[in-house]
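Here are my notes on the model, written as numbered points. Have the coordinates open while you go through them.

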Amino acid sequence: MDTLEAILTRTSVRAFTDDPVTDDLVDTLLKAMIAAPSGGNKQPWRIFVVRNLDIKRQLARGAGDQEFVAEAPVVFVVCRVPDESGQRYGSRGRNLYSIQDTAAMTQNLLLAAHAIGLGGCWVGAFKEEEIATAINTPASVIPVAIIPIGKPANPRNVRGRKSLDQVVHFIS
Ligand SMILES: Cc1cc2nc3c(=O)[nH]c(=O)nc-3n(C[C@H](O)[C@H](O)[C@H](O)COP(=O)(O)O)c2cc1C
């Protein structure tokens, strides 16, 4: 699958088969994640890879009982480290770049997973403190996204998009 096809055919996956996601596949996904761009190449991120069922359940609970989080074979938690960007870029680094950088990393994960026959969903609705407690992070490391990953159990469910007319302005 080429990059454009991956971008155009990715959809969120919230139901998974029992097929395992091997450590080799996790390694491939991690390499795709850290290939994301970041402001000044500061890479102000940490990645937690969770297979433990108790912790996955805590993540699902912290995300408002989104049970599919606990049902995935592996769950990634992407965190930002605002100070690592803030040291160079001040408040713009802390409050903007560290979020953009970890968002780019999260999208890389979703696209890479799709490209190798897996799927996942970007889960952003959660209580930060509960997720930080579940993965035992200090206050300097802030959870940004929870991404359950596994083999899709169902056919893709394509969500609509606004038309180009609604969102694009050409300025010549
Ligand atoms: C910042 C962000 C937060 C999201 N949070 C959740 C979430 O908490 N739970 C969920 O099921 N989907 C969540 N999603 C997934 C969106 O619902 C999904 O991407 C959107 O409906 C478009 O569908 P598609 O990904 O299949 O194209 C989130 C996506 C983003 C980018």
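What follows covers the ligand site, the salt bridges, a few loop residues and a surface patch.

1. Ground rules. This is a predicted model: local features need pLDDT of at least 70, side-chain atom pairs count only at pLDDT 80 or more, and totals for chains, interfaces and linings use all residues. Residues are numbered from 1 along each chain as its sequence is written, and side-chain values use heavy atoms, with hydrogens and water left out.

2. Who sits around the ligand? The shell has 13 residues, and the closest are Ser12, Arg14, Gln66, Trp122 and Arg161. Split by class, the shell holds 5 nonpolar, 4 polar and 4 charged residues.

3. The side chain of Arg14 puts an N or O atom 2.7 Å from a ligand oxygen, and a polar side-chain atom of Arg10 is 3.0 Å from an oxygen of the ligand. Gly124 uses its backbone instead: an N or O atom there is 2.9 Å from a ligand nitrogen. On its own the ligand exposes 620 Å², and the protein buries 66% of that. Accessible areas are Shrake-Rupley values with a 1.4 Å probe; for residues, only the protein chains shown count as cover.

4. Salt bridges, the count. Side chains of opposite charge can pair when their charged atoms come close. The rule here asks for a side-chain nitrogen of Lys or Arg within 4 Å of a carboxyl oxygen of Asp or Glu, and it gives 3 salt bridges.

5. Arg51 and Asp23. Their side chains meet in a salt bridge at 3.1 Å, N to O. Arg51 is in the loop between β1 (45-50) and α3 (53-62) and Asp23 is in helix α2 (residues 23-34), so the pair ties together parts 28 residues apart in sequence. Helices (H or I, at least four residues) and strands (E, at least two) are DSSP runs, numbered from the N terminus. Arg51 is partly exposed at 36% relative accessible area, while Asp23 is exposed at 59%. The cut-offs are under 20% for buried and over 50% for exposed, with partly exposed in between (1.4 Å probe, protein chains only).

6. Asp27 and Lys31. How far apart are the closest N and O atoms of this salt bridge? They are 2.6 Å apart. The two residues are 4 apart in helix α2, which puts about one helical turn between them. Asp27 is partly exposed at 34%, and Lys31 is exposed at 53%.

7. Arg46 and Glu84. This salt bridge has its closest N and O atoms 2.6 Å apart. Because Arg46 lies in strand β1 and Glu84 in helix α5 (residues 82-115), the pair ties together parts 38 residues apart in sequence. Arg46 is partly exposed at 35% relative accessible area, and so is Glu84 at 24%.

8. The loop between α2 and β1. Ser38 belongs to this loop and is buried, at 14% relative accessibility; its side chain reaches the backbone nitrogen of Gln43 at 3.0 Å. Pro37 is also placed in this loop, but is exposed at 58%. Its C-alpha is separated by 29 Å from that of Ala60, 23 residues away along the chain.

9. Positive phi. Asn41, in the loop between α2 and β1, has a positive phi of about 55° although it is not a glycine. Asn136 has a positive phi too, near 60°, and lies in the loop between α6 (128-135) and β4 (142-150). Asn41 is exposed at 52%, as is Asn136 at 67%.

10. Surface patch. Leu164, Val167, Val168 and Phe170 make up a nonpolar surface patch with about 460 Å² of accessible area together. Patch members have over 30% relative accessible area and no salt bridge; like charges are joined within 9 Å, nonpolar side chains (Val, Leu, Ile, Met, Phe, Trp, Tyr) within 5 Å. Val167 is in helix α7 (residues 164-167).

Key: Near = heavy atom within 4 Å. Polar contact = N/O pair within 3.5 Å; in protein donor to acceptor, adjacent residues only side chain to side chain. Nonpolar A, V, L, I, M, F, W, Y, C, P; charged D, E, K, R; others polar.
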